[in-house]
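Biologist: I would like to learn how to read a model like this one, feature by feature. Shall we start with a single residue and work outwards?

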Amino acid sequence: MRRSEHADTRTISDGDVLPVETDPQAVTALVLVWSREEPERMGEVCLVPGGYYGVTVRMGRAPGAAGDILPRAEFCRQRPGMMVPTGPLNSMRISRDQLEISAERTGLWVRNIGRCPLLHNGNPVQEATIRTGDLLELKGQALIYCAQRPATLPAFAPGIPAPAPHRFGYADGLGMVGESLASWALRERIQFVGPRAVHVLIRGGSGTGKELVAQAIHQLSSRGRKQMISRNAATIPESLIDAELFGNARNYPNPGMAERAGLVGEADGSTLFLDEFAEIPPAMQAHLLRVLDQGEYHRLGESKPRRADFRLIAATNRPESALKEDVLARLRIRLELPDLNQRREDIPLLVRHILKRIVAEDSQLSARCFFPDGTLRVSPTLMSALLTRQWSTHIRELEAILWTAISDSRGDWLEVQLPQPPVSPTTVEADGPHKGVDPLTVPAEHIQAVLDKHGGRQEPTWKELGFSSRHVLTRLVRRYGLRVKGRTGEDED
């Protein structure tokens with residue numbers, strides 16, 4: 001048996017970057033992310049006792065007994081302020097004493113002493129040092145992800161109500177799925193923000209659940225009895241932004257034009273959710289200042305002001321600098337949403353949630369061989385690939401992969417050869433094309449470089465950049481204040 005030579009030092013790896021590693025109570029956690037025999041236990045954690053060097057434990061099929069020489073490492077369900085023990089893994093193919101685990105300076109040392117083969121990041125091993133982000137597989141029986149967790153998830157702050165209890169590993173009453181530290185921290189933030197009568201900015205990458213969070217905030221507010229009004233701001237033509245937001249009088253601007261309440265009017269007494277809010281040009285963002293301050297606005301064609309009691313929840317995947325400072329100041333509460341790369345332990349739970357929803361909406365799929373009796377058979381190979389993938393569009397990307405797996409799988413288990421993730425535009429050479437890339441992900445400095453290359457001529461510029469039209473380029477020139485033929489984008493008409 002090999003033991004660490006060190007003692008009384010916590011097992012936080014020097015190179016780890018997870019936020020919880022700065023917590024003095026953080027320990028190395030082994031998270032069960034796949035189980036052939038016990039899929040309902042996904043998300044449970046095994047915490048190395050004390051998290052100190054020199055502690056060696058055994059993990060296996062049997063619980064601890066009085067005659068055990070070494071303490072037993074068993075799983076539990078971890079939630080804020082509570083730990084519910086669930087015992088050892090329960091598969092007859094796993095030995096009573098399967099693994100020996102001890103803490104080291106760079107992670108956990110694991111030795112296989114049982115009959116089930118051990119894989120470390122897909123490679124057969126007899127012993128290995130594992131670090132945050134590594135995967136252990138008891139071949140064909142269980143998949144375990146190495147993470148950092150606080151010894152106890154902190155309880156919600158005083159005055160912030162805990163959400164209603166829900167089934168472990170499944171969606172809560174607001175539709176959120178996740179048992180990771182990041183997921184519970186987000187829930188606490190939502191519970192705080194929901195009842196507050198202030199405007200909110202939600203920031204997060206594409207597919208991180210901004211609308212779901214907005215809906216949760218709305219439901220927890222005093223306005224939750226009314227339907228939330230939602231609109232993607234990027235779909236509003238620039239020339240119609242005032243009309244879409246504030247509405248218009250009857251017969252204005254043309255005879256026969258119907259009266260419209262506008263989004264602000266429709267949201268009176270409720271919440272207005274504007275996704276991709278930063279796509280509203282800065283000059284037009286300024287039109288919202290008065291209504292955000294006082295609820296006062298004018299419909300187009302009317303001289304008498306109107307009032308609306310509404311709450312704005314704005315969402316964007318752009319940096320805060322993309323918003324006008326005076327608008328940003330009125331969005332007093334900010335939420336930063338974690339992406340899948342920051343909460344990998346939740347991926348198996350999201351996989352189950354998405355697949356169950358797909359099957360519930362399509363009765364023909366429930367007859368497929370990898371959905372017997374409602375049990376979802378996802379191969380450990382696919383789950384490993386999902387857990388180690390670098391995500392760019394997150395839940396949307398995950399759902400697309402699962403649909404591909406459903407379409408392509410022919411055996412008893414859901415399986416697929418994953419495509420390579422798209423290359424970030426920041427890794428493309430400065431003179432390379434951006435065909436098929438979201439224009440909002442093209443760096444401003446690259447757009448400026450191509451403009452300068454073509455002497456400010458927009459026709460060859462937008463074509464080289466791969467944009468769909470000149471108007472896309474014009475909008476970005478204005479947004480970033482770029483130079484065009486000696487002028488800045490702010491001067492463009």
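Biologist: In which element does Leu349 lie?

Modeller: Leu349 lies in helix 8. Helices (H or I, at least four residues) and strands (E, at least two) are DSSP runs, numbered from the N terminus. This is a predicted model, in which local features need pLDDT of at least 70 and side-chain atom pairs count only at pLDDT 80 or more, while totals for chains, interfaces and linings use all residues. Residues are numbered from 1 along each chain as its sequence is written, and side-chain values use heavy atoms, with hydrogens and water left out.

Biologist: Is Leu349 buried or exposed?

Modeller: Buried means under 20% relative accessible area, exposed over 50%, and partly exposed in between (1.4 Å probe, protein chains only). Leu349 has a relative accessible area of 1%, so Leu349 counts as buried.

Biologist: Which residues does Leu349 touch?

Modeller: Contact means heavy atoms within 4.5 Å. Leaving out residues up to four places away in sequence, Leu349 touches Met42, Gly43, Gly169, Val177, Gly178 and Glu179. Val33 is 316 residues away along the chain, with 8.2 Å between the C-alpha atoms of Val33 and Leu349.

Biologist: Which residues of the largest nonpolar core touch the most other members?

Modeller: A nonpolar core is a set of buried Ala, Val, Leu, Ile, Met, Phe, Trp, Tyr and Cys residues joined through side-chain atoms within 4.5 Å. The largest has 41 residues, and Val351, Leu355, Phe371, Leu386 and Leu398 touch the most other members. Elements giving two or more residues to this core include strand 1 (26-35), strand 12 (142-150), helix 8 (347-361), helix 9 (380-388) and helix 10 (394-408). Helix 8 provides the largest share, 8 residues. As for Val351, the residues it touches are Val378, Met383, Leu386, Leu398 and Leu402, not counting residues up to four places away in sequence. A second, separate core has 30 residues, among them Ile241, Leu289, Phe310 and Leu312.

Biologist: What is the strand order in the open sheet of 4 strands?

Modeller: Strands of a sheet pair through backbone hydrogen bonds, either parallel or antiparallel. Here two strands pair if DSSP finds at least two bridges between them. The order in this open sheet is 3-6-7-10, with antiparallel pairing. Strand 3 (56-59) and strand 10 (127-130) are the edges; each has a single partner strand, so one side of each lacks a neighbour in the sheet. Neighbouring strands are turned by 25 degrees against each other on average, direction ignored; axes are lines fitted to C-alpha atoms, for helices over the stretch in contact, and angles run from 0 to 180 degrees between N-to-C directions. Strand 3 and strand 6 (residues 99-104) share 4 bridges in the antiparallel sense. Met59 stands opposite Leu99 in strand 6.

Biologist: How many salt bridges does the rule count?

Modeller: Side chains of opposite charge can pair when their charged atoms come close. A salt bridge is a side-chain nitrogen of Lys or Arg within 4 Å of a carboxyl oxygen of Asp or Glu. The count comes to 27. One of them joins Arg290 and Glu296 at 2.9 Å, N to O. Arg290 is partly exposed at 46% relative accessibility, whereas Glu296 is buried at 16%.

Biologist: Which parts does the pair of Glu296 and Arg307 tie together?

Modeller: The side chains of Glu296 and Arg307 meet in a salt bridge at 3.7 Å, N to O. Glu296 lies in strand 16 (residues 296-297) and Arg307 in strand 17 (residues 306-307), so the pair ties together parts 11 residues apart in sequence. Arg307 is exposed, with a relative accessible area of 56%.
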